[in-house]
Amino acid sequence: MAKATVGISIVGRDREGVVAAFTSYAFRNGANIEKISQNVIKGLFGMHLEVSFAKAPDRKEFDAGLQSLARSFGMEVSAHHEDGSTKQIAVFVTREPHCLDAILAARASLRGGSVAVVVGTEGTLRGACRRARVPFVAVEERNQEAAEERLLSTCKRREIDVIVLARYMRILTPNFVWRYPNRIINVHPSLLPAFPGASAYAQAHERGTKIAGVTTHYVTESLDQGPIIAQRSFEVRAGDSLETIRSRGQRLEARALLESLRLHLAGRLDVRWRKVHAGRAARGR
């Protein structure tokens, strides 16, 4: 019989006893802990538990107990139930259209997922979403804390399961990232760990690289260092201009990001020891 799997994310100010309290709650409810990770950055505590049940618990009762426990510690908790239902996708964008266009064009063939909303740091791509009849939300606050409050509110209201950064040009803090562990997919325009950060194609052109490419990865609190999902490359020919390299790279970005999203929706990606292992669809997902 397939296992019922629940991902539990806890975020808040660091407090003693949090790990013991939540793991004990899981055990009392008949859960087996599959994975556990925790981190503290500048007093902010983040923890992720992945637990499994031989028989799925009462969802409302289990989640209500989690919320009660979280309130006792002054923390926030969310539970992500892997129940085989269609995953709701949020696409975060800025102004480059190529990755968004590929995702919108592939919506009908995204098995197991539905694009619920596109969120932009500005309104440049609003028209593309209007034509595709996909809701668009502009989060233009420059203050990071205010912006992330709106992002979290938007994702919570639409019950988002997976977030795709389609050339989203803002950094997400641990306060946001820890709430969606291994559920935020980014594409970077280089073969990481080479040329992290901004202007990767310009760096490749300036250094005269013979091979360039793109990397998709899950997002963590460490910028451009999350577990790598896929990498695709192309040969840089003598005399290629920066614009030629960028154009070829952008086509690869769109394909690699869409491919990685499909693998995630199919439950074929598993993160162990900071590495992504791809295989058949996981049981119970």
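Five elements, β1, α2 (59-73), β4, β5 (87-93) and α5 (144-157), each supply at least two residues of the lining of the second largest pocket. This is a predicted model, in which local features need pLDDT of at least 70, side-chain atom pairs count only at pLDDT 80 or more, and totals for chains, interfaces and linings use all residues. Residues are numbered from 1 along each chain as its sequence is written, and side-chain values use heavy atoms, with hydrogens and water left out. Helices (H or I, at least four residues) and strands (E, at least two) are DSSP runs, numbered from the N terminus.

**Second largest pocket**
- The volume here is about 910 Å³, taken as the space filled by probe spheres set on grid points joined across faces, edges and corners.
- A pocket is an open set of points on a 1 Å grid over the protein atoms alone, where a 1.4 Å probe fits, with protein on both sides within 12 Å along at least five of seven lines; lining residues have an atom within 4 Å of a point.
- Of the 31 lining residues, S78, A79, K156, E159 and I160 lie nearest the centre of the second largest pocket.
- Strand β4 gives the most to this lining, with 7 residues.
- The lining of the second largest pocket has 10 nonpolar, 9 polar and 12 charged residues; Ala, Val, Leu, Ile, Met, Phe, Trp, Tyr, Cys and Pro count as nonpolar, Asp, Glu, Lys and Arg as charged, and the others, Gly among them, as polar.

**Largest pocket**
- About 1,100 Å³ of space lies in the largest pocket.
- Its lining has 38 residues, with S37, H48, P181, N182 and V271 nearest the centre.
- Strand β2 gives the most to the lining of the largest pocket, with 6 residues.
- Sorted by class, the lining of the largest pocket holds 12 nonpolar, 15 polar and 11 charged residues.

**Helices α1 and α2**
- The axes of α1 (residues 18-28) and α2 come within 11 Å and cross at roughly 165°; axes are lines fitted to C-alpha atoms, for helices over the stretch in contact, and angles run from 0 to 180 degrees between N-to-C directions.
- That makes α1 roughly antiparallel to α2 (angles over 145 degrees count as such).
- V18, A21, F22 and Y25 in α1 meet E61, F62, G65, L66, L69, A70 and F73 in α2, where contact means heavy atoms within 4.5 Å.
- By class, the contact of α1 with α2 has 9 nonpolar, 1 polar and 1 charged residues.

Key: Angles under 35 degrees count as roughly parallel, over 145 as roughly antiparallel, 65 to 115 as roughly perpendicular and the rest as oblique.
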